[in-house]
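Morning, everyone. I'll take a few minutes on strands and helices.

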Amino acid sequence: MRARLVLVAALSLFFLDTAAADDFDDDFATKDSRQLGTPAQRPSAAASPTPAAREPETYNTLLGPAGGVHVVGAGSGQPGTFRTAIAAQLFRKSGFLLPGDQHRRVGGALSLSATPIEHLELSASLTTHSNESTDGSRQVFQVVGDMHLFAKGYYTILPALTLGGDLEFALLNGVGGIGFAGKGTSVGLRANVSSDLRELARPLPLLLRSGLRYYFDNSANLVESTESSRYASLDNAISRNDEYRHLLSNVERFGFQINRVDMLTMSFGVEAPIQLADKWSLNPILEWSMGIPSNRQDYDCLIGQVPQDRDGCLKDEGFAAWPSTLTFGLRIMPWLRGLSALLAVDVATSGHKRTVRELAPNAPYDLNFSLAYAYDTRVQKPVIIEKTIHVDVAPERLGRILGEVTDRDTALAVPRAIVHFEGKELTDLATDEQGRFTSYPLEPGTHLLKVSASGYEPASCEASLLKGGADQATRCLLVPLPKLGSVKGSVRSQVGAPISGAIVRISGGIGNFLNTDAQGMFEKTDMPPGTYQAQIEAEGFLFTQVTFEVQDAQVSTPQIVLTPIPTRPQAALSAKAIVIKRQVQFVTNSAEIRPESNALLAEIADVLLRNPHVQQVEVQGHTDDVGNSTVNQELSQRRAEAVRTALIAAGVTPERLTAVGYGSNRPLLPNITEANRAKNRRVAFQVLDPR
């Protein structure tokens with residue numbers, strides 16, 4: 001297994017002084033559609049600075065360098081800009097590599113790219129992924145802390161055409177060791193071409209990208225010692241050139257992403273920027289890539305000598321084993337300058353149905369999500385536009401709006417609020433320190449004002465001017481944005497030891513996905529006030545869910561204690577039921593659950609949370625035949641509902657559980673002895689959608 005040590009990479013780049021958020025370059029935002037002056041008075045296109053070679057609206061690919069989803073663009077951002085992104089990947093399928101197996105993969109990447117000078121981009125990414133395959137037994141493979149370093153050079157030869165190339169170093173962690181394994185270091189060389197058709201004389205809203213990459217893959221060196229150890233332990237081993245039992249299985253190659261040959265990859269991509277609103281953009285992306293294996297290592301694949309082998313060889317399988325993928329993506333750029341979100345799905349078009357010993361299998365599909373931010377460190381000088389306004393003298397006197405902008409909740413003045421006159425070509429006004437403003441002379445009638453200020457929601461207000469030129473006072477109320485809080489919690493064992501690497505999923509007002517640090521701590525800031533639920537998952541411990549409150553400008557500090565998985569589990573999932581080895585205990589003639597059953601209920605909730613494919617479970621309450629049948633029926637119903645409520649509190653979604661009381665109608669044994677009656681008094685868990 002590759003090293004479990006999370007490598008923290010310190011990357012430092014030298015930039016110009018940091019500018020305020022209002023000084024972002026237009027590469028990262030939608031330009032303001034409002035202009036001052038007539039067309040003849042606006043600055044001409046020739047007066048604008050010539051753009052450097054770049055990818056317009058530049059953002060990281062999932063692995064780091066600027067481009068689309070996977071296809072790297074030839075260009076980069078403006079000098080003095082950098083981009084960061086966090087990406088996640090998810091894949092799940094039954095019968096993928098083994099008959100009847102359940103295969104899951106979760107991965108992620110943290111990337112940073114920068115353009116320190118013109119014609120040069122530097123990128124780095126830290127990747128991790130975990131694979132689980134179950135086929136009678138559970139196999140887990142983790143790859144944590146692989147580092148990818150890139151250096152890209154580029155040049156624009158035409159306004160709409162950019163050429164580039166990049167060099168990649170992949171520093172891979174060893175299998176069963178800690179830290180980078182030098183012998184596994186792989187190198188990639190790539191040539192890139194990008195075309196921005198918006199720069200043509202007759203522009204089209206399309207970005208085209210293509211690349212040709214050769215990857216010197218040395219990942220197979222990471223498993224040499226493992227396969228040698230396996231070979232040495234074989235009974236009746238034949239010549240190593242003819243033996244197969246020590247070789248990695250297709251599940252292991254997929255989990256560790258081991259390839260025994262190099263790869264020449266062709267990739268193509270198209271992106272269509274769509275302007276939805278003044279400050280919103282939506283970019284559909286379509287990409288396709290195909291890998292052509294190259295046996296530089298002269299690897300000799302065993303052919304026709306392995307009984308019941310699940311793997312083939314490239315020589316026999318041919319094109320069907322070459323990995324190729326079609327990607328559908330959607331990049332969303334909201335109102336906040338520099339921010340973008342990317343949703344994408346990868347669909348394998350070859351290399352996924354028949355595995356070969358030379359290559360890691362190609363996943364049938366992958367779901368990808370990325371949140372990226374692009375920043376411009378350059379200080380932007382304000383552009384001063386001089387305009388001559390010709391005003392015709394009106395025959396009648398015009399009035400003015402005497403306005404005041406105040407906080408709706410406190411009635412305090414709001415200084416420096418911006419007042420825009422809707423539907424009029426007038427320069428916006430700003431309120432003074434007392435929140436007041438005086439408009440230009442305006443014609444009689446009703447005028448709509450749009451008011452905005454930092455820390456407040458935008459608002460509208462009206463003012464009506466009468467004929468005769470009298471001034472009119474008006475007040476505009478702004479609603480303050482909610483104050484934000486934060487959470488800083490800890491996850492510990494029952495003996496107080498911190499649990500690092502625990503997965504914390506936060507839901508409620510917002511959703512988030514966190515990991516605890518070495519001290520078992522997790523933290524999230526900028527959270528709207530409200531009630532949240534945190535579900536915690538850690539290896540060796542039962543799933544746990546807690547509820548906490550976040551208040552205005554306060555830090556919530558939940559202290560979470562995890563229960564270890566029992567050495568002798570009392571609950572297990574079968575094909576048709578959740579089987580429990582001991583019964584849920586209640587107070588006599590009551591639906592109150594005894595405290596000694598809390599651990600059992602925690603195990604039952606853990607089984608449900610670890611098996612999300614089980615969508616419907618009936619919680620059944622049963623009694624013996626002693627007493628009134630109607631009373632028994634009602635008691636069994638209340639006990640079933642009490643157990644359902646306890647499981648929901650432990651994190652199981654209510655839609656998965658139904659509670660039904662059967663009274664004494666379904667005994668396990670005849671109610672003829674006290675021992676039989678004790679067994680008939682029970683709570684059972686029936687799976688309604690067995691798979």
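Start with the five-stranded sheet. The order is E29-E30-E33-E31-E32, and the sheet is open with mixed pairing. Keep in mind that this is a predicted model. On average, neighbouring strands here are turned by 25° against each other, direction ignored.

E29 and E30, residues 577–580, run antiparallel and are joined by three bridges. Take alanine 572: its bridge partner in E30 is valine 579.

Next, what packs on this sheet? Helix H5 does, touching E31 (617–622), E32 and E33 (682–687). The direction of H5 makes about 160° with that of E32.

H5 also meets another helix. H4 covers residues 598–610 and H5 covers 629–649; their axes come within 9 Å and cross at roughly 65°. The crossing is right-handed. Which residues make the contact? From H4, Leu601, Ile604, Ala605 and Leu608; from H5, Val643, Ala646 and Leu647. That contact has seven nonpolar residues, no polar and no charged.

Last stop, another sheet. Three strands, in the order E17-E14-E20, form an open sheet, again with mixed pairing. Its edge strands are E17 (436–438) and E20 (472–478). Neighbouring strands in this sheet are turned by 20° on average, direction ignored. E14, residues 401–407, pairs with E17 in the antiparallel sense over three bridges. Glycine 403 has phenylalanine 437 of E17 as its bridge partner.

That's my tour. Questions welcome.

Definitions and conventions: Residues numbered from 1 in each chain as written. Predicted model: local features only at pLDDT ≥ 70, side-chain atom pairs only at ≥ 80, totals over all residues. Heavy atoms only, no water. Axes fitted to C-alpha atoms, helices over the stretch in contact; angles between N-to-C directions. Helix = DSSP H or I, 4+ residues; strand = E, 2+ residues; numbered from the N terminus. Left-handed = near helix turned anticlockwise from the far one by under 90°. Contact = heavy atoms within 4.5 Å. Nonpolar A, V, L, I, M, F, W, Y, C, P; charged D, E, K, R; others polar. Pairing = 2+ DSSP bridges.
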